[in-house]
Amino acid sequence: MPLIVISGAPPAGRRESGALVHHLVSNYYLQLEIFRKMTADAAILTDPNTAPDEIDRVIGNCISRKLPVYLEVPADITHAPCRAPGAFPGAVAPVSDEDSLTECVSEIVEMLDNSEHPLMLAGVELLRFGLGAEALRFVETAEIPFATMLSSKSVLPELHPQFAGIYQGGWSREVVRRQVESSDCLLSLGVWITDLDTGLFSMNLDGRRMVAAKGEQVRIGNHYYHQIQLKDLIHTLTLAARPRSFLSSHPAQPLQPKKPFVPQPSCALTAPRLYECIDDFLDDQMVLLSEPGDAFCAAPEFHIDEAENFIVQNYYSSIGYCTPAALGVALARPQKRPVVLTGDGAFQMTAQEVSTLIRKRCPAVIIIINNDGYLVERLLHEDGPYNDIQMWQYSKLPAVFGDGSGAAGIKVSTEEELAVAMGTAAREKDKLVLIEACLPKGDCSEGLSRLGESFRRAQGNK
């Protein structure tokens with residue numbers, strides 16, 4: 001993620017004298033040292049003569065590597081004179097080794113030509129480096145089916161006839177798992193083999209029949225090709241690939257259209273029915289943000305018709321991410337409406353950001369799954385009081401944070417109440433609408449049920 005962190009710091013005089021000032025831990029350089037360990041580049045600006053070059057270098061690395069960077073600015077340097085900024089030199093784009101690229105593409109094309117069931121597995125690097133359009137051109141040129149993973153969901157449009165589904169190892173729908181794992185030429189482009197993308201590493205992929213391209217390296221069986229940029233690989237492969245016939249190269253099961261939600265009279269709300277209603281509610285003008293928990297376990301089955309209309313943080317999986325992230329969506333894509341799907345435990349981590357959303361007039365829809373505690377932990381581990389949380393009156397928070405003119409809170413516990421609440425959200429396009437969906441304790445999506453079964457099997461095999 002190309003994030004620039006700018007931190008203020010005490011002035012040089014304090015640093016040089018070793019004065020003990022507030023926020024200081026151990027020494028004046030510790031914060032810089034910590035950020036150096038988790039960023040692509042970091043600098044403390046102490047010399048106005050070198051500061052412009054350091055700023056350009058750090059920002060350039062952020063852009064080119066799509067990774068966070070850190071700039072520390074002591075208080076006394078902010079007004080120090082420096083030379084006028086010139087033209088930004090820009091990010092230095094890494095280049096591929098031409099010989100290595102040519103040989104690599106030649107081997108992939110031969111592998112494709114000799115295969116009967118090729119498939120492209122689109123990973124998170126396609127999303128991070130903005131390569132969705134390039135990958136789609138390759139799919140349509142070569143005419144091969146593709147699958148995505150939870151972290152890369154919607155990097156390619158899911159309405160596309162070649163979309164096979166979401167692959168998550170043993171958590172996948174069976175038809176998707178079989179097609180991916182039985183492919184005799186699996187093009188794994190930008191895929192990270194993480195626990196939650198692979199169903200706790202429950203995938204069964206044959207490396208001998210696989211092309212794995214990520215991080216400037218391509219592996220084909222036991223052959224390694226270095227210094228190859230993913231963008232160059234996809235572009236060159238698109239030019240070299242021979243088109244196949246859709247009749248013999250397509251998803252094992254066509255995409256099933258979303259079902260219209262028809263509420264059952266006087267019927268208590270359940271998790272599967274909540275997710276069916278949300279799926280029916282979503283459209284191309286919305287960006288869905290799914291929190292770690294049952295929210296992102298249910299997300300693979302949602303129909304996201306347009307590329308980049310889905311945000312999930314399933315690698316580090318820090319709960320509480322999506323509510324403040326909705327602010328970022330609203331400011332960066334004002335023509336889109338953020339829809340947050342969050343558990344009650346995750347929401348309590350950053351609930352105060354609803355106040356910021358209201359203040360900034362962000363018309364988010366926030367759906368809180370109120371199932372009385374940490375449901376994922378209850379299903380994966382021995383349950384106990386550590387999975388309980390304080391019960392809040394969530395639907396009253398918009399009134400607490402605002403005067404009621406820019407936000408509304410609604411509590412639902414039946415299918416009919418949910419349908420009415422979603423209708424209100426659809427009509428009140430300029431308001432923040434918070435919906436508290438009360439579910440039976442322990443009720444969950446099919447995805448979380450599969451996760452629980454897979455986790456218990458894995459634990460039993462240890």
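User: Which residues line the largest cavity?

Analyst: Rolling a probe the size of a water molecule over the atoms shows where empty space is left. In this predicted model, the largest cavity is lined by K258, L282, D283, D284, M286, H303, I304, D305, E306 and N309. The space in the largest cavity is about 80 Å³. Its lining has five charged, three nonpolar and two polar residues.

User: How many cavities of 30 Å³ or more does a search of the whole structure find?

Analyst: Four. The second largest cavity has a volume of about 60 Å³, and its lining consists of L150, Q168, W171, F296, C297, P300, G447, R450 and L451. Helices α10 and α17 each give two or more residues to this lining, and α17 gives the most, with three. By class, the lining of the second largest cavity has six nonpolar residues, two polar and one charged.

User: What lies closest to the centre of the second largest pocket?

Analyst: The second largest pocket holds about 790 Å³ of space. Of its 33 lining residues, R173, D279, E301, F302 and H303 are the closest to the centre. Elements that supply at least two lining residues each include α9 (271–281) and α17 (446–460). The pocket lining has 15 nonpolar, 10 charged and eight polar residues.

User: At what angle do α6 and α8 pack?

Analyst: The angle between α6 (residues 132–142) and α8 (residues 230–240) is about 25°, and their axes are 9 Å apart. Because angles under 35 degrees count as roughly parallel, α6 is roughly parallel to α8. Their crossing is left-handed. Residues in the contact include F138 of α6 and L237 of α8.

Terms used:
Residues are numbered from 1 along each chain as its sequence is written. This is a predicted model: local features need pLDDT of at least 70, side-chain atom pairs count only at pLDDT 80 or more; totals for chains, interfaces and linings use all residues. Side-chain values use heavy atoms; hydrogens and water are left out. On a 1 Å grid over the protein atoms alone, a cavity is a set of points where a 1.4 Å probe fits but cannot get out, and a pocket is an open set with protein on both sides within 12 Å along at least five of seven lines; lining residues have an atom within 4 Å of a point. Grid points are joined across faces, edges and corners, and a volume is the space filled by probe spheres set on the points. Helices (H or I, at least four residues) and strands (E, at least two) are DSSP runs, numbered from the N terminus. Ala, Val, Leu, Ile, Met, Phe, Trp, Tyr, Cys and Pro count as nonpolar, Asp, Glu, Lys and Arg as charged, and the others, Gly among them, as polar. Axes are lines fitted to C-alpha atoms, for helices over the stretch in contact, and angles run from 0 to 180 degrees between N-to-C directions. Angles under 35 degrees count as roughly parallel, over 145 as roughly antiparallel, 65 to 115 as roughly perpendicular and the rest as oblique. A crossing is left-handed if the near helix is turned anticlockwise from the far one by less than a right angle, and right-handed if clockwise. Contact means heavy atoms within 4.5 Å.
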